[in-house]
Amino acid sequence: MSFSKVLALCLFLISFYLTGCTSDNTTSSTEKVFHFGTTAYGIEMGNTGLNPHHDYSGWSAVRYGVGETLFKFNDKMQLEPWLAKSYEQLDDYTVKITLKDNIKFSSGRALDGQAVKECLEDLIKNHDRAPFDLKIASITADGQDVIIKSQEKVPALLNYLSDPYGAIIDMQYGITADNNVAGTGPFIATKVSDKQIELVKNPNYWNGNVAMDKVIITEVVDGDTLTMALQTGEFDAVQGLPYANLDLFQNNPDYHVSSIATSRCFFAQINYNNPILQDYNVRKAIAMSLDKQGFTHNLLQDNGSIAIGAFPDNFTFGGDKLQTVNYNPTEAKELLAQAGWVDNDGYVDKNGQKLILRWLTYPGRQELPLLAEIAQANLKTIGIDLKINNTINQQEFLANGNWDIYASAFVTAPTGDPEYFFTTHCLQNSAKNRGKYYNDKLEILAQKLHNEFDSQKRADLAVQMQQILLNDYGFIFASHLKMSFVSKSKVINFVAHPSDYYEITADLDFK
């Protein structure tokens, strides 16, 4: 291990003992305290804090057992009631949701229709994606009933309400300065920062006994540091280990590995503001030069599957229904030549200008720096000089436009429905359409998808829409992730879920 890795571990251990362990020393010897280290919490993921009405912080609220949604997904990504007891589709524009009785927020307030109304109204007022997804015209509360009327047909409304941004919080309690909230979940946050969250059990949880007394979630950016911290006993469980390190735990009786295939996709967006990338042949050459097989097999060590489109093959609208170009650097070089980019010294140039592109990504997902490295090597073979910017400050570069290709990781179907990915990333008004991609045919199909209630027709439309993205080469899909949690053998009921949502639950316990 390099000196920098050792130094990082030492600094982490000092910080760990000054924070998590300090509070633990003052507790009873019979208190159950669960220490969880993860690379999936942090500023670069946009999920710090627990306020579901800001960016992706709802993921933290739901993942860590503070917030709950009206409906949730089972292991087959099918909807089932959670805070809701039932629903009735009154017409194409109106749904009535009936809440379960005897549920309280951690603030002590009873959950009723008025509380849900207040929460959802604040959500659509403040969130960047929810208003576009939900299209809510009005919300009416009547006892335990909530009646939601949409501006237009929204067949996936219940799916969207099951996104973590739909976590129901007590707006009378409000959102604290450190982005803490009062939810209905099994845990209550007592400390929230950009690096760590401390939780205690909710003694009045509505859905049974909470087994764990206290939970401490800590961000660890470096995967090797996370590995050593698990081995030395600083954590009871971790998420985000380097794939090369998983073998240390796979057949070790002292640990348990929980893995599951997800729709989390590693993909790149092309910045159409760059005139060079407005050239179709250049975009296609870049797509053809990326060795997805090498990335998935060699670098991810088969902890994933090659991505053709936005969704994995096991979905009814998955990549096996699509047509795409194969890895072919020779043809990619020919495409660059057709666009006027000629190789003189190992790199291509045009009118004396060398073809240099800026690849932007972030370190919070260990796979993304690996993807950047293989992309750099692949593009070099066709004469493109790729400059990598791997930074936790990627939002700053996205905002000022100092990038050409942005690679990120995103769960493309966390609501079990295809519309989510398109509305967040691919449409003219999408909040995460960083490269200003636009296709009028896609916009028309998106409207059809938005109004279609039949699930098979929705799947067919999603396949057509992905094919448009592939034909334009405005998005390059690399791999879908298999997610793994590693825990000590004493930990039970801590398992990976295909939605990547539900992690810290009431059932989490020690043997």
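Colleague: Which residue in S10 is the bridge partner of Gln196?

Modeller: Thr218 is the bridge partner of Gln196 in S10. Keep in mind that this is a predicted model.

Colleague: What makes S9 and S10 a pair?

Modeller: Two strands pair if there are at least two bridges between them. S9 (residues 196-201) and S10 have five, and they pair in the antiparallel sense.

Colleague: What makes you call S10 mostly covered?

Modeller: Buried means under 20% relative accessible area. In S10 (residues 214-219), six of its six residues are buried.

Colleague: Which residues of S10 point one way and which the other?

Modeller: Lys214, Ile216 and Thr218 point one way, Val215, Ile217 and Glu219 the other way, and all of them are buried. In a regular strand the side chains alternate between the two faces of the sheet.

Colleague: What makes S8 and S9 a pair, and in which sense?

Modeller: Five bridges join S8 (residues 187-192) to S9, in the antiparallel sense. The cut-off is at least two bridges, so the pairing counts. In S9, Lys201 is the bridge partner of Phe187. S8 and S9 also form a hairpin, with three residues between them.

Colleague: How many bridges join S14 to S15?

Modeller: Two bridges join S14 to S15 (residues 348-350), and the strands run antiparallel. At least two is the requirement, so that still makes a pair. Val342 stands opposite Asp349 in S15.

Colleague: Why is Asn159 called buried?

Modeller: Its relative accessible area is 14%. Buried means under 20%, so Asn159 qualifies. Asn159 lies in helix H6 (residues 157-161). Leaving out residues up to four places away in sequence, Asn159 touches Phe73, Leu79, Thr415, Gly416 and Asp417.

Colleague: And Phe267: why does that one count as buried?

Modeller: The relative accessibility of Phe267 is 0%, and the limit is under 20%, so the label buried applies. Phe267 sits in strand S12 (residues 255-270).

Colleague: Which residues does Phe267 touch?

Modeller: A contact means heavy atoms within 4.5 Å. Not counting residues up to four places away in sequence, Phe267 touches several residues, including Tyr406, Phe410, Phe421, His425, Phe475 and Ala478. Ala478 is 211 residues from Phe267 along the chain, yet their C-alpha atoms are separated by 5.4 Å.

Colleague: Zooming out, how do you know that the radius of gyration agrees with a compact globule?

Modeller: For 511 residues, a compact globule would come out near 24 Å; the protein chain has 23 Å, so the two agree. Its C-alpha trace spans about 70 × 60 × 40 Å along the principal axes.

Colleague: How much of the protein chain counts as buried?

Modeller: Of its 511 residues, 58%. Among contacts between residues at least 6 apart in sequence, 69% join residues at least 24 apart.

Definitions and conventions. Residues numbered from 1 in each chain as written. Predicted model: local features only at pLDDT ≥ 70, side-chain atom pairs only at ≥ 80, totals over all residues. Heavy atoms only, no water. Rg over C-alpha atoms; globule rule 2.2 N^0.38 Å. Buried < 20%, exposed > 50% of the residue type's maximum accessible area, 1.4 Å probe, protein only. Helix = DSSP H or I, 4+ residues; strand = E, 2+ residues; numbered from the N terminus.
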